[in-house]
Amino acid sequence: MGRISAAFGRLSKRERVLVSVMLGMLFLGIVFLLNVWLGSGVSNLREKVDKEQRSLETMYANATEFIAARQQVEARRSRAEQNAKLNITEKIANIAEQVSFESIDPRGNPAGRKKLAEFLDYAPPKDSPLARKRKTSSRDKDKHDALDGYYRRDVEVTIRDNTTFDAIYELMEKIEESRDLLFVTEIRLDRDKRRPDRAGRGKVVVSTYYYEEKKDE
């Protein structure tokens, strides 16, 4: 430091002024660069904070909808879990007991009022998974299907001759209105050529869905 001071003292007045000016400019340049660097860092930090704040605001705004949607999914699954034990054939028969109509004999003569349940036959229930089948690859095993664990149960109901269309329509309405997640998914009916208000032999498929947790193999 002493050598620098001695060398500075040997300079002429003009040289000392020039050196002082150069040092001042160098100092100002350093200060300017520091300000630019710090200002850039603060600006980037501010942008990052603003971005995070906007993300938090978006998450907060969607939190209510997300929670409501999740609760709805959980409620649907809980209902479907209870539905796994549903005897769908028995439920259809109970509903059909509530529907009656004026029956006729093979000659077309009145045969009294009868319940629709007496004119129905049931096939064994058929269960099928709702989730799509996956290929046996390690990559596909990690994919989650929202329908995993959900199954559909179908019961084919055969309707005998001489029932009225009104009785069949009433049965389907009561099935759709039931609390047991029953749905009419298929219907095929022939019309009696001699009696337009009555159906020939037909078929109705009633379905439900249920959830069953997969057991670890």
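This is a predicted model: local features need pLDDT of at least 70, side-chain atom pairs count only at pLDDT 80 or more; totals for chains, interfaces and linings use all residues.

Biologist: What is the mean pLDDT of the protein?

Modeller: The mean is 77. Of the residues, 63% reach 70 or more.

Biologist: Which elements have the lowest and the highest mean pLDDT?

Modeller: Helix H4, residues 138–141, is lowest at 55. Strand S3, residues 120–122, is highest at 94.

Biologist: On to charges. How many salt bridges?

Modeller: Nine. One of them pairs Asp180 with Lys91, at 3.8 Å from N to O. That pair links distant parts of the chain, 89 residues apart. Asp180 sits in the loop between helix H5 and strand S7, and Lys91 is in helix H3.

Biologist: Why does Lys91 count as partly exposed?

Modeller: Because its relative accessible area is 30%, which falls between the 20% and 50% limits. Asp180 is partly exposed too, at 22%.

Biologist: And Asp154, buried or exposed?

Modeller: Buried, with a relative accessible area of 18%. Its side chain meets Arg152 in a salt bridge, 2.7 Å from N to O. Arg152 is partly exposed at 32%.

Biologist: What about Glu186, which side chain does it meet?

Modeller: Arg188, in a salt bridge of 3.6 Å, N to O. Shared partners join Glu156, Glu186, Arg188 and Lys203 into one network.

Biologist: How accessible are Glu186 and Arg188?

Modeller: Glu186 is partly exposed at 34%. Arg188 is partly exposed at 48%.

Terms used. Residues are numbered from 1 along each chain as its sequence is written. Side-chain values use heavy atoms; hydrogens and water are left out. pLDDT is the predictor's confidence in each residue, from 0 to 100. Helices (H or I, at least four residues) and strands (E, at least two) are DSSP runs, numbered from the N terminus. A salt bridge is a side-chain nitrogen of Lys or Arg within 4 Å of a carboxyl oxygen of Asp or Glu. Buried means under 20% relative accessible area, exposed over 50%, partly exposed in between (1.4 Å probe, protein chains only).
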